[in-house]
Amino acid sequence: MAEENLQVFHYANDEFKKQNYPQAEALYSDFISCCRESRNCDAADLATAYNNRGQIKYLRVDFREAVEDYTSAIETDSRLEVPYYNRGLIRYRLGFFEEAKSDFQQALRINPDFEDANISLQQTLLDQQHKIDRGY
């Protein structure tokens, strides 16, 4: 069963790379369900499945569900920087600068060379200061 579930994960990744998002999302959901039932999956694979499914939801502007998936990815394997970064992007877009800042900082603690996280953190700090300067 574990080998079959791993094949679903790889197939989902292939569909994700091809930008066949509805199929990828369904396959990631199947993989996640099987992992939850069997409790016999690699944490990094499960976290990647959550993260990538979150990306699909982000692309269709379903921010609440995307944040839920990124948070699940973080809870599954907190050593991966990308889910922190992705969640930070949504929080930034929604104007939750303090939460976005925290996510970008955590991504950078994990990977200090993560340039996109550094750029996003600097922009968050600038926008947060502008918001304070304008008085709201």
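The accessible surface of the chain comes to about 7800 Å², with 48% of that area belonging to carbon and sulfur atoms. Areas come from the Shrake-Rupley method with a 1.4 Å probe, and for residues only the protein chains shown count as cover. The model is predicted: local features need pLDDT of at least 70, side-chain atom pairs count only at pLDDT 80 or more, and totals for chains, interfaces and linings use all residues. Residues are numbered from 1 along each chain as its sequence is written, and side-chain values use heavy atoms, leaving out hydrogens and water.

**Overall fold**

The chain has seven helices and zero strands, in the order α-α-α-α-α-α-α along the sequence. Helices (H or I, at least four residues) and strands (E, at least two) are DSSP runs, numbered from the N terminus. The C-alpha trace spans about 55 × 30 × 25 Å along its principal axes. Of the 136 residues, 40% count as buried; buried means under 20% relative accessible area, exposed over 50%, and partly exposed in between (1.4 Å probe, protein chains only). Among the contacts (heavy atoms within 4.5 Å) with a separation of 6 or more, 46% are between residues 24 or more positions apart.

**Cysteines**

The structure holds one disulfide, defined as a pair of cysteine sulfur atoms within 2.5 Å. This disulfide joins Cys35 to Cys41, with an S to S distance of 2.0 Å. The torsion about the S-S bond is about -95°, so the disulfide is left-handed. Cys35 is buried at 4% relative accessible area, while Cys41 is partly exposed at 26%. Which cysteine sulfur is closest to that of Cys34? The closest is in Cys35, at 7.2 Å, which is too far for a bond. Cys34 is partly exposed, with 24% relative accessibility.

**Charges and salt bridges**

There are 16 positive and 24 negative side chains, and the centres of the two sets lie 5 Å apart. Lys and Arg count as positive and Asp and Glu as negative, without His or the chain ends; each charge is placed at NZ of Lys, CZ of Arg, CG of Asp or CD of Glu. A salt bridge is a side-chain nitrogen of Lys or Arg within 4 Å of a carboxyl oxygen of Asp or Glu, and by this rule the count is eleven. The table includes three of these pairs.

| Acidic residue | Basic residue | N to O distance |
| Glu15 | Lys18 | 3.3 Å |
| Glu65 | Lys57 | 3.5 Å |
| Glu68 | Arg64 | 2.6 Å |

Glu68 and Arg64 are four residues apart in helix H4 (residues 63-76), so about one helical turn separates them. Salt bridges that share partners join Arg53, Lys57, Arg64, Glu65, Glu68 and Asp69 into one network.

Glu25 is in helix H2 (residues 21-38) and counts as buried at 16% relative accessibility. Leaving out residues up to four places away in sequence, Glu25 touches Arg53, Ile56, Lys57 and Arg60.

Asp45 is in helix H3 (residues 43-59). Beyond its neighbours within four places in sequence, Asp45 is in contact with Leu6, Phe9 and Phe31. Asp45 and Arg79 are 34 residues apart in sequence and 12 Å apart in space, C-alpha to C-alpha.
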